[in-house]
Amino acid sequence: MLREMTLGQYYKADSPLHRLDPRVKLAGTLLFVITLFFPRSVLGLIVATLFLGSVIVMSRVPFSMVIRGVKPLFIIICFSAIVNLLCTPGTVLFEAGPVRITQEGIWISFYLVVRLVYLVMGSSIMTFTTTPNQLTDGLEKSLGFLQRLHIPIHELSMMISIALRFIPILTQELDKIMKAQMSRGADLESGNIFQRARKLLPVLVPLFISAIRRASDLALAMDARCYSGGEGRTKLKPLIYRRNDFIAYGILLLYVVIMIVCGFWIA
Amino acid sequence: MIGGDCYGGLLFCRLIYSKINMKIIETLNLIFKYKTYTENQEAPEEKTVLDDVSISIKKGDFVGILGHNGSGKSTLARQLTALLQPSGGTVFIKNMDSSRPENIIPIRRTAGMVFQNPDNQIIGNLVEEDVAFGPENLGVPTEQIWTRIAEALEATGMTAYREKSPGSLSGGQKQKVAIAGILAMEPECIVFDEPTAMLDPRGRKEVLDAIRHLNRDKGITVIYITHHIEEVEHADYIYVMNEGQVAMEGRPEQLWEQADAIRALGISLPFDKELLFLLRQGGMDIPAEIQDGRALEEFLLQSGPGNIEQDNS
């Protein structure tokens, strides 16, 4: 059950999008999400759809996988759509008892659904095409200016990448501890939520102890390999902008300008 | 000022001394203590883990450090790689005093360390990224890191796994990746702290073979800490630790002669030596020149079943 859990959903493929610098993809995702929330206009929506569609095609990630990312949010999306549908005042189209549906309500919930779905799809395209390590590297480099303000960006990104590395190890360990406790007659699955939380205690305590021990071992191993923070450190795979990255920035800029025109001028 | 001069003079003497002796690591009366606080105790209790340890390790040697659990052997390993600093006495690694802060990074560059648990010493998400971790920390230029990775993986026979995730490897392979990670820092000496303790027999053999190869063909000084005597049977020199002290030392053949003393320290001899010892102890008359399993086998076959007196009581 736990083994199947994977964090980060990198989809291995060779596409122009996979090869882009993670910083471009981070900026792209951020800008895409911001433009989604520009004023509502049909034209803007069409442009965003075209943009997202061509990015998905270019990424070579199967469309079904991109859609799968939306599934966990299905309930939230439905709920907010229904609330918007029922609670927006305006020209009444349909009325039955307490239920009143307005033209504005339909539009607002339509936009909402599309925006949320696009938001999830857009950001999952980034995680599909970027390994967690590239992502932390990209974050480290693009937020590097914060280091000058004494915000330990290098240390934070190191922590994230180590955490990512230890997630599979710790899930395996959790699995092992759960099985060990179950083989001694621990019943982890029955009872209400509070009872079950209490029963998890004999699983969590050993897990934490082992995690702390691992952390202390790892710290020693890092010391033994001369780790002394980000200063003076070189990189195996340094991030360098290539021609394609500049082209991508250009396309991104063009897209944002078009979205601004569609959203603010025409509306 | 005078102290500084004295120190400089001392260093100079040591430099000449060690050039003659080709010593890479030397400890002089090394003492290590730490304080523990128990629950119902106000004052800390002082524990002495290493008590007056003096060892010296020749460049290019394969040196075994044997000892049962709690004998201080892992602490000694950490002293030799400047992961711990002495409470008394000195540790010299290539003439660098480990108690001086400015020496710590150079010492760790010279003496790498491989730990027991393979999972807890792999930092990278890919084999190549993990091997690169050391050189990255040392500020090695990117192109050189790639050549170092290639060399280190080649030396440990892990080239085929370069782009694999460490999670998908066996214990022995992970341990070889850890060794490659140290090798990429180009150390002169590697301290192995029970590297095979968590491996199955196959992984154990793989790792040991890789370590022997490094020692023999790459000229890397190996300090191998273990409680399995078989693993250091072919070492150049062996130290046996007990209660934080060096209880015995010598070349392996010299140690086998003192079988009684080794066994008294809670360490069993290699299987054939143990058998020889027990047979002799049991009263069998075996000539003194017979030292290993093969010779014993021949002797027993030659003498034939009739020639051996059996005590059936």
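Predicted model: local features only at pLDDT ≥ 70, side-chain atom pairs only at ≥ 80, totals over all residues.

Residues are numbered from 1 along each chain as its sequence is written, and chains are lettered from A and ligands numbered from 1 in the order in which they are written.

Select chain A, which is divided into domain 1 (16–142 + 239–266) and domain 2 (152–224), with bounds that come from an automatic or database domain assignment. Taken over C-alpha atoms, the centres of these two domains of chain A are separated by 35 Å.

Next, select helix H8 (153–183) and helix H10 (201–224) of chain A; helices are DSSP runs of H or I with at least four residues, numbered from the N terminus. The axes of H8(A) and H10(A), which are lines fitted to C-alpha atoms over the stretch in contact, come within 9 Å and cross at roughly 140°, where angles run from 0 to 180 degrees between N-to-C directions.

Now show chain B as well: 25 residues of chain A are in contact with 29 residues of chain B, where contact means that the C-beta atoms of two residues, placed from the backbone, lie within 7 Å. H8(A) and H10(A) each supply at least two residues of the side of chain A that touches chain B, and H10(A) gives the most, with 8 residues.
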